[in-house]
Amino acid sequence: MIANNRERAAYHEAGHAVALYLLTGNIDRIEEVNIGDAGYDYIGACQHSGEHRREIQELYENGESPKYETPEGFKCMINEICYAMAGGVSEKLFCGLKQLPYKAMKGDIESVYSDAFVIRYNIPFLIDSNNAVVPNKRIIDDLIKVCVRFLEYFLISADAGPKIEAIADALNKYEQIPQWGVYELMGDDKRARKSKIEARKRLKLLLSK
């Protein structure tokens, strides 16, 4: 049975959140996961700190950006591609789709083919049929295929699958999950407690103004 748009959006963002949390070791701290009715469709977001990208950008600006051929650079790049593709793969796996929802993945796919991504990982350039210098996106094409294949197994694993189900169910009910709620659903009680304390401090500071 194919899920409705609300459910699909919930599973899409849940896939992003779980991939980010499990594959990066929470380097990119999740801030909030949400979905909402945009009038024409349900859309959502997995908001995170972007710490990983900032670190890579700082390395690049200092002339030390890890190239995609190096072990560290390759690991960072694969994690970033997996995070981008995880939403669509999650929809396919949990919502009864026969193929990836490319329309829903448009922004995710564009982020991987963006100039920023190409520069961040020093993807080689080539000369196209119009004698223009362009990134060798065939490399990215191949890596996306590898990452999607990996995610098709990983996201239904005993570690990832139940977390996606829990987050998607909560999003379907409430549409918005704060940071501490995401960690609770991940089973990370330590981070959930810390996040609650920080949230109370921010609220107290806001009310004191």
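Contact here means heavy atoms within 4.5 Å of each other. These views show a predicted model, where local features need pLDDT of at least 70, side-chain atom pairs count only at pLDDT 80 or more, and totals for chains, interfaces and linings use all residues. Residues are numbered from 1 along each chain as its sequence is written, and side-chain values use heavy atoms, with hydrogens and water left out.

View 1. Helices (H or I, at least four residues) and strands (E, at least two) are DSSP runs, numbered from the N terminus. Starting at that end, the elements go α-β-β-α-α-α-α-β-β-α-α-β-α-α. Take the contacts between residues at least 6 apart in sequence: 65% of them join residues at least 24 apart. Of the 209 residues, 44% count as buried (under 20% relative accessible area, with exposed being over 50% and partly exposed in between; 1.4 Å probe, protein chains only).

**View 2. Helix α3 (residues 71–94) against helix α6 (residues 137–154).** Their axes come within 8 Å and cross at roughly 55°. Axes are lines fitted to C-alpha atoms, for helices over the stretch in contact, and angles run from 0 to 180 degrees between N-to-C directions. That angle makes α3 oblique to α6 (under 35 degrees is roughly parallel, over 145 roughly antiparallel, 65 to 115 roughly perpendicular, and the rest oblique). On the α3 side, look for F74, M77, I78 and I81, among others; the α6 residues include L143, I144 and C147. The contact splits into 15 nonpolar residues, no polar ones and two charged (Ala, Val, Leu, Ile, Met, Phe, Trp, Tyr, Cys and Pro are nonpolar; Asp, Glu, Lys and Arg charged; the others, Gly among them, polar).

**View 3. Helix α1 (residues 5–24) packed on α3.** Here the angle is about 140°, and the axes are 7 Å apart. α1 also passes α3 in a right-handed crossing. Residues of α1 including H12, G15 and H16 meet a set in α3 that includes A84, G87 and G88. This contact has nine nonpolar, eight polar and two charged residues.

**View 4. D108, in helix α4 (residues 106–113).** D108 counts as buried because its relative accessibility is 17%. Leaving aside residues up to four places away in sequence, D108 touches H12, H16, A84 and M85.

Key: Left-handed = near helix turned anticlockwise from the far one by under 90°.
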